[in-house]
Every structure is written in structure tokens, then in C-alpha cells.
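Please keep the structure in view while reading.

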Amino acid sequence: FDGYEIITVDGQQFKRNMPKPGNTGETMSDIVAKRAPGANDPVLRLQDLDEEGIWAEVTFPSIGIWASSIKSRDLMAAGVKALNDWAKEYIMAASPRLVPTASVSLLDVDDAVAEVRRCADLGFRAVFLPTAVPPGQKPYHYIDYWNPLWTALEETNQVLAFHIGTEPVDADKGFGQVFRGPGGAVLNYTQTTFGGQIATMQMISSGALDRHPDLRVLVSEGGATWGPFLGDRMNEGYRQHGMYVRPQLSKPPKQFLYEQVYASFQHDETAVGAMQHLGWNNVMWGSDYPHLEGTYGHTQKTLHELFDDASDEVRRRITVGAFQDLFPEVGEPPADEY
């Protein structure tokens, strides 16, 4: 309606801008024509991935962006169960190359734990969490409250998958609108990356990763060069402000980040260097199919730009190896080429 999509969630109305021609010279017809055919069809999606040269992908629930705005515990618990049952039947059953993430309710930690264990029995290998909890809930660094959830994820060997840009929606500002005015589009897009970094800091500084050494964290689509900087900054705070630090950790914060946290990127020119020169081996390339900020339609061009000057070992680690750390059951791609 009038350039907006209107969505009603649990009695609240939200709006977000629909794509419009921008500074690229494209028309609305151009934008529509670029939409990936398999955006909502798993069979066509696999065809698109084959054409782009992509073997496997982790998928996130687009409707889950709005889940943090639901206030009813019963509604949320029933909603994620229905969404996960659908994901198993529609996505997981289509191909082992598609790895859907399970949704859980954060309105009650017991509900979240129950759904994590149910989804593990259904065959899920990853659980999606927003980068910030719903209003009124305890932030992720309240470890005693959230520890049952981290325990369930570790015991069921499921990846904790944060997706950027999934904070609770502000009904007054609309989805994704933190800034208005000049530069707003770039400011808002860049702002989305910070939630994943904050969630990572909460998991490390609270001792969650220390208590759960087998828990793996994926921060999806938020870039991958921030890891070394964030690790250095946390180490400095842990060391220089040590008299204030609680809890004490068994090793420096950066070591937890380097060992247990993975991050995916699409176009970052510096992400390869984060692994090659700064030692963060958990950098993972992803296409962000089928979004506008993804690589659909130019995946091979992007891969050549990123990796033609990199060694085979670095390219292999970022495009295949890190993914296989988290999801070994997906298997080996038919040819390690791009």
C-alpha cells in the first residue's frame, strides 16, 4: 500500500518499505525481473544454486524476523512449532543440501528448550535466534537464566545461528529503520551488523561458551572482518579492567571467539584477509540467496574477485571447510571449483 508492506503481528501493525528504484538507474521492472525464481520454491532453488555454483546453504525463516514482536507466550510457542514442522516438510525433505534453521520462542526459556529438543528429534542441525531478545526478557549474557537453552543446544549438537537484522521491530519506526534522513539507507544497512557482534560478546563475556565448549555459534550475513577487532577489544577490556570482570574465564575472550564463533559474509573485500593474515579460521562465505544484498546473478564473478589472489587452502577453508565444520552431514560438493 502506497509503497509499503503492512504486516499485523499479535495485534500490532508494522510497515516496511518495498524495493524502489534507487541510484543504480534500475526501474521497478528491472528489480522484479532480478528476483530469484527459487526464492520460495525449494525445487527451483536447487536449480538456481546449481546455476550459481553453490552446493549447499543454511536457510533462515524470513517470517521469523517478526517473531520477536509477538507478546503472547502461547501464540509464540504454537507459531514456532508450526513453522518448524513446515520447514521440515517443505525444505529439509527437498534435499540434504538445504539446511533449515529451527525457530524457538524466547518468551519462556522452558518453551525454547522443549522446542530445541523436539527439533533435534526432527533432524534439525541449527537453531535460529534473533540477535536481541524480545522486550522485557533478560539479555543473553544473563547466563543462569539462559543456561538451560545453551545446554540443550550443546547436548543436541545443534548450531546456535544468529541472523543479523532480527531485533524486535519498532512499530513507530518500522522494520529496519533506526535512522531517517540523509544517508539513512546506508546507515540502517550497516547498523544491522552490530547485533550479531553484541550477541557474540554476550555469549563470550557471560561465560556461556566457557561452560559449553562444544557449542558452536554462527553469525550469518553480518560480515566477517569484525572478529579479530572484537577479540582484541574484549581481550583488552578483560585484561585492563580485570578487577571488575565477572565471571572469570578459563582463557582470553578472543580465544573463545576464534574457536567457537563462525561468521558468514557475501562481498567483504577484507574478509579473506581476516582468515589469511589475522588467523580467524572460522570465516565462511555465503551467497545470501535470494536477497538484494546477496550474490544471485553474479556469484561466480564475486567469487573470482574474492579468491583469485588467495591460496587454494584459504579459498577451500572459506568456501567449503568452515561450513563442513558445522554441517558435516551435508557432504562433499561434487567439484571443488568456482
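## The protein as a whole

In this predicted model, residues 24 or more positions apart account for 71% of the contacts in the protein that have a separation of 6 or more. The protein has 12 helices and 10 strands, and of its 338 residues, 49% are buried. Its accessible surface comes to about 16,600 Å², and carbon and sulfur atoms hold 54% of that area.

## Helices α3 and α4

Helix α3, which covers residues 73-92, and helix α4, which covers residues 109-122, have axes that come within 11 Å and cross at roughly 15 degrees. Because angles under 35 degrees count as roughly parallel, α3 is described as roughly parallel to α4. The crossing in which α3 passes α4 is right-handed.

From α3, the residues that take part in the contact are Arg-73, Ala-77, Val-80, Lys-81, Asn-84, Asp-85, Lys-88 and Met-92, and they meet Asp-111, Glu-115, Arg-118, Cys-119 and Leu-122 from α4. Sorted by class, this contact of α3 with α4 has 7 charged, 5 nonpolar and 1 polar residues.

Thr-302 lies in helix α11, which covers residues 299-307. Is Thr-302 buried or exposed? The relative accessible area of Thr-302 is 4%, and because buried means under 20%, Thr-302 counts as buried. When residues up to four places away in sequence are not counted, Thr-302 touches Gln-266, His-267, Trp-285 and Thr-295.

How values were computed:
Residues numbered from 1 in each chain as written. Predicted model: local features only at pLDDT ≥ 70, side-chain atom pairs only at ≥ 80, totals over all residues. Heavy atoms only, no water. Axes fitted to C-alpha atoms, helices over the stretch in contact; angles between N-to-C directions. Helix = DSSP H or I, 4+ residues; strand = E, 2+ residues; numbered from the N terminus. Parallel < 35°, antiparallel > 145°, perpendicular 65-115°, else oblique. Left-handed = near helix turned anticlockwise from the far one by under 90°. Contact = heavy atoms within 4.5 Å. Nonpolar A, V, L, I, M, F, W, Y, C, P; charged D, E, K, R; others polar. Buried < 20%, exposed > 50% of the residue type's maximum accessible area, 1.4 Å probe, protein only. Areas by Shrake-Rupley, 256 points an atom, 1.4 Å probe, with all protein chains shown as cover.
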